[in-house]
Amino acid sequence: MPGRRTSSEPHHAQLAFAAQLRELRRMADKKPTEEAIARRMGCCGRSTVSAMLNGRRFPTWEHTAAFARALDADPSKLRNQWVEASRQIEEASKGFASPGTQLPLISGPQAMGEAMLAAHWYRNNREFYEAAGARVQQARSEIRVTYTRRYPPTQYTTRASADYFTAILDWASEDSDDERSVRRIIGVPERDGQPDSDMFSWARQHYEDSKHILTYEANVLRWTAAADGLNMALIDDSVVFLAFSGGPRQKLNGLSIENPTFMTYFAAYFDQLWAALQPLGTYLSEVEGRADGPA
């Protein structure tokens, strides 16, 4: 039901509509805090605004319109999206199959009733990390990244990749009034239950370099495949960077897509992984506490 919290996994239309609201907030001048938005709305508290933005609550139309006005936006531009999302959620609650059509974006090119996705393609390591590093420096509130490769970052030669990793820690450390958060999933390769020594050494040093940063967290994925994983960087509420690597050690290319609905799928996947993993400090203590230690 609109305006109520969902007791199970939110419907995809609810998550997509939340992405619409986050994008509206992202486009607003100075990106107001949740508390500031709630004050301007005058009909709910910060926790309700937070639940609307992260998809835990599907808002009533009254709350949706008040949210838009609080950001100096025209509520009528959200009306069709709200009606369609409300319909899909209601039908799903009654057991009716949903066609799963994508909600139209607030703005952007349309074709055949679906949003067109514009991708930026990066041919090599340098191009990818230069673009990702530049976007990190422009981030407003949240960065979610994964690193699941067979070798630590220190074994890659481009200056751009080193600058990218430095930029993330610098952004998290920056003195700012904004609410900031960096979460990184580190895949540590394992063989026969023992972590790769080079990757483990890097992870230990990375923990020492970052443990004092209150806005930075890292969790560990024990990685047993003899191949790199698909790596991603999710910046704020709308930009997804995907990196593809493997074969020669230095080979990497990728793409980025800026689309809030596209982002919701990767954000949900990231959050699912994150919840199941150990914090980096806990992982290091556990491995170092073994009698034989890492291989």
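**Helix packing in a predicted model**

In this predicted model, 49% of the 295 residues of the protein chain count as buried.

User: How many helices and strands are there in the protein chain?

Analyst: The model is predicted, and its secondary structure is counted along the protein chain. The count comes to ten helices and eleven strands.

User: Are H1 and H5 roughly parallel or roughly antiparallel to each other?

Analyst: Helix H1 covers residues 12-27 and helix H5 covers residues 76-93. Their axes lie 8 Å apart, at an angle of about 160 degrees. Angles over 145 degrees count as roughly antiparallel. H1 and H5 are therefore roughly antiparallel.

User: How many charged residues does the contact of H1 with H5 have?

Analyst: From H1, the residues that meet H5 include Phe17, Leu21 and Leu24. On the H5 side they include Leu78, Trp82 and Ile89. By class, the contact has eight nonpolar and five polar residues, and the number of charged residues is none.

User: What is the handedness of the crossing of H1 and H5?

Analyst: The two helices pack with their axes 8 Å apart. Their crossing is left-handed.

User: Which strands are included in what covers the buried residues of H6?

Analyst: Helix H6 runs over residues 125-137. Its buried residues are Asn125, Glu127, Phe128, Tyr129, Ala131, Ala132, Gly133 and Val136. What covers them includes helix H7 (159-173). Also included are strands E3, E4, E8, E9 and E10.

User: What distance does H6 reach from its first C-alpha to its last?

Analyst: H6 has 13 residues, and the span expected at 1.5 Å a residue is 18 Å. The helix comes close to that value, reaching 18 Å.

How values were computed
Residues are numbered from 1 along each chain as its sequence is written. This is a predicted model: local features need pLDDT of at least 70, side-chain atom pairs count only at pLDDT 80 or more; totals for chains, interfaces and linings use all residues. Side-chain values use heavy atoms; hydrogens and water are left out. Axes are lines fitted to C-alpha atoms, for helices over the stretch in contact, and angles run from 0 to 180 degrees between N-to-C directions. Helices (H or I, at least four residues) and strands (E, at least two) are DSSP runs, numbered from the N terminus. Angles under 35 degrees count as roughly parallel, over 145 as roughly antiparallel, 65 to 115 as roughly perpendicular and the rest as oblique. A crossing is left-handed if the near helix is turned anticlockwise from the far one by less than a right angle, and right-handed if clockwise. Contact means heavy atoms within 4.5 Å. Ala, Val, Leu, Ile, Met, Phe, Trp, Tyr, Cys and Pro count as nonpolar, Asp, Glu, Lys and Arg as charged, and the others, Gly among them, as polar. The expected span of a helix is 1.5 Å times one less than its number of residues. Buried means under 20% relative accessible area, exposed over 50%, partly exposed in between (1.4 Å probe, protein chains only).
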